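I opened my notebook to walk through this fold from the whole chain down to a single residue pair.

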Number of protein chains: 2
Amino acid sequence: MIGMTEATYFILVALMEEPLHGYGIIKRARTQSLGEVDLAVGTLYSALDRLSEAGWVRLDREETVNGRPRRYYRITDDGARAVRAQAARLQRAAALVLRPSGVTSA
Amino acid sequence: MIGMTEATYFILVALMEEPLHGYGIIKRARTQSLGEVDLAVGTLYSALDRLSEAGWVRLDREETVNGRPRRYYRITDDGARAVRAQAARLQRAAALVLRPSGVTSA
DNA sequence: CGACTATATATCGACCGTCGAAGTATGGAA
DNA sequence: TTCCATACTTCGACGGTCGATATATAGTCG
């Protein structure tokens, strides 16, 4: 299986418009998926670590609000490329069912 | 995260045209995904067990070839419904990147 | 005023699904 | 005769998701 997980995909998609902090990513993913994707915090932060290591996301800036850190993440060019490639794969996968073309029963 | 895994999706898609046996599913998934999806045998058979239990797939018939069983699986109505719903989800997910509509930067 | 919810991050163990390998078996090609 | 394709079973390792727990503040509702 090539392709990234659904969680990874929605995290990257959430970051495409602008840099967001962790909780903001969770909310944006929820909205963009029409409520279908509800990222667990554990999933988010471990995914963010993996994505940072992979160079698909990087720390944009760090603010301090109420004495607590708020880390904003930004998608990188590599990340943007990866998410576009994944979107194309998803489209092709969906098309197999929604626009069947190679019908065998000639 | 709602949605099924990619492996599950491609197994169900492979079965949409006609019943297939395990190895046939692997080959069909490979072809339909243009070589991108290469199901591991371990993945396939455990997924088939799960899908049978869920009622999305059922044993169609069992042949004996060269003294070895060859089990053909058939997708059920529930399975077909599930795969159509998943295809719609994949399409929507892909559209977020390929046809962005809710652009914030007015 | 007290309970609850939303905002916000960190961490950890449990669990689920995927992967790859080993085992078993046959037929055909090199 | 060695190797590859076909074909199913099982099992351990690994990767990623989930939910809980901890911590902290501000706002809402009764």
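My entries follow, starting with the ground rules.

**Ground rules.** I am working from a predicted model, where local features need pLDDT of at least 70, side-chain atom pairs count only at pLDDT 80 or more, and totals for chains, interfaces and linings use all residues. Residues are numbered from 1 along each chain as its sequence is written, chains are lettered from A and ligands numbered from 1 in the order in which they are written, and side-chain values use heavy atoms, leaving out hydrogens and water.

**Elements.** I found four helices and three strands in chain A (DSSP runs: helices are H or I with at least four residues, strands are E with at least two, numbered from the N terminus). Reading from the N terminus, I noted the order α-β-α-α-β-β-α for chain A.

**Overall form.** I looked up the extent of the C-alpha trace of chain A, and it spans about 70 × 25 × 20 Å along its principal axes. I also noted that 41% of the 106 residues of chain A count as buried (under 20% relative accessible area, with a 1.4 Å probe and protein chains only).

**Sheet.** Next I traced the three strands of chain A, which form an open, antiparallel sheet in the order S1-S3-S2 (strands pair if DSSP finds at least two bridges between them). Its edge strands are S1 (20–21) and S2 (57–65) of chain A, each pairing on one side only. I then checked S1(A) against S3 (residues 68–75) of chain A, and they pair in the antiparallel sense over two bridges. Last, I found His21(A) opposite Tyr72(A) in S3(A).

Key
Buried means under 20% relative accessible area, exposed over 50%, partly exposed in between (1.4 Å probe, protein chains only).
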